[in-house]
Amino acid sequence: MSVKIKENLMAFFSRFHRDDQVLILINADPDAIASAAAVKRLLWRRVNHVTIASINVIKRPDNLTMVRYMKTDIKPCSHALMEKFNRFVLVDSQPHHSDVFEKINFDVVIDHHPDGGRRDGFTDIRPEYGATASMMTEYLRGAHIKPSVRLATGLLYAIKTDTNNFERKTQMEDVRSFQYLYRLCNVHMLQKLEQAELKPSFLKYFQKALKNPHIKRSRMYTHVGIVPTPDILVLIADFFMKVDAVSWSIVSGIYGKKLVVIFRNDGVRKNAGRLAETSFGRYGSAGGHKDMARAEMVVAECGIDAISQDDEKMQRWIIQQVEKRR
């Protein structure tokens, strides 16, 4: 065990006591789900009780399949639920990523996204890593805990997802974690997770996205209007990146009261996080990695109420915001 891993483990465990009620909070996706499960395993028999709660509704097929196969119980986050706990852990995210998170004083924060600067209790932020699951695998190994087949498979899938099968920037530590987990995982379960992407009800949104795409040079834009979950926008954005000669896909839709814009690119001398922030940061939350990013803003606060129900006008407005920032 390296000195750094030993120090992190000691700092992590020092935040907890035997009678603690611990709530692990996530914005559910494969990396967050697997990482939360790893934290729960680390705290097994060390605290009184551990619960995982998500601030988002889990609707994506791969996330639902992952929860089912890993047998991970994830509660909806609420104020009533949080009042029952005295210790709070945040994984695969940081307080500035959500209004809910910002109001909580976390005892532990573990994440691989760009550092937001806030420090709550024990904080381990490593943006050079491809996945938080890689970090959590190091914690488990450092604590001499062999993950179960289900946990190993979930962590492995999370690393594959967040690194896009190692096509995105990763560390050798991500590769080492992957190699270790592969020896412990269930390959058939992994294949099921990888294949569970689409619900039949999602197909009509693909049809709408393909009906009126706007292609400018190598950038493909589309606005699909009201969606039941932003995950649909992510799936469409990833799909458009498979089109020949497309180096950017920018897909938007309205979820609840918010406009959500998803950015994807081929990673060649581009920065999706920076473009998302410069294009929409003044309206709401925006940011991400070099090849993938996201912006979310309340429609009523952007001055676009009058056009929010007109998909063509919304698409033109989004294109205008992005193009004038390039």
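Two strands count as paired here if DSSP finds at least two bridges between them. Keep that in mind as we walk through this predicted model.

**Stop 1**

Start by selecting residues 258–265, which make up strand 10. Seven of these eight residues are buried, so the strand is largely enclosed by the rest of the structure. As you look along the strand, remember that in a regular strand the side chains alternate between the two faces of the sheet.

Next, bring in residues 248–255, strand 9. Strand 9 also pairs with strand 10 in the antiparallel sense, this time over eight bridges. Click on Ile254, and you will find its bridge partner, Leu259, in strand 10.

Follow the chain from strand 9 into strand 10 and you pass through a hairpin with two residues between the strands. Which residue in this hairpin takes a positive phi? Select Gly256, where phi is near 65°.

**Stop 2: aromatic pairs**

Switch to showing the rings of Phe, Tyr and Trp. With ring centres within 6.5 Å as the rule for a pair, the count comes to 11 aromatic pairs.

Zoom in on Phe101 and Phe106 for one of them. Their ring centres are 6.2 Å apart and the planes meet at 75°, so this pair is edge-to-face. Both Phe101 and Phe106 are buried.

Then move to Phe206 and Phe239. The ring centres here lie 5.7 Å apart, again with planes at 75°, so this pair is edge-to-face as well. Colour helix 10 (residues 203–211) and helix 11 (residues 231–240) to see the setting: Phe206 belongs to helix 10 and Phe239 to helix 11, so the pair ties together parts that are 33 residues apart in sequence.

**Stop 3: a cluster, and arginines over rings**

Select Phe12, Phe13, Phe16 and Tyr139 together; they form one aromatic cluster. Stay on Phe13 and show Arg46, which lies over the face of that ring at 3.7 Å from its centre.

Terms used:
Residues numbered from 1 in each chain as written. Predicted model: local features only at pLDDT ≥ 70, side-chain atom pairs only at ≥ 80, totals over all residues. Heavy atoms only, no water. Buried < 20%, exposed > 50% of the residue type's maximum accessible area, 1.4 Å probe, protein only. Helix = DSSP H or I, 4+ residues; strand = E, 2+ residues; numbered from the N terminus. Phe/Tyr/Trp six-rings, centres within 6.5 Å; stacked < 30°, edge-to-face > 60°. Lys NZ or Arg CZ within 6 Å of the ring centre and 35° of its normal.
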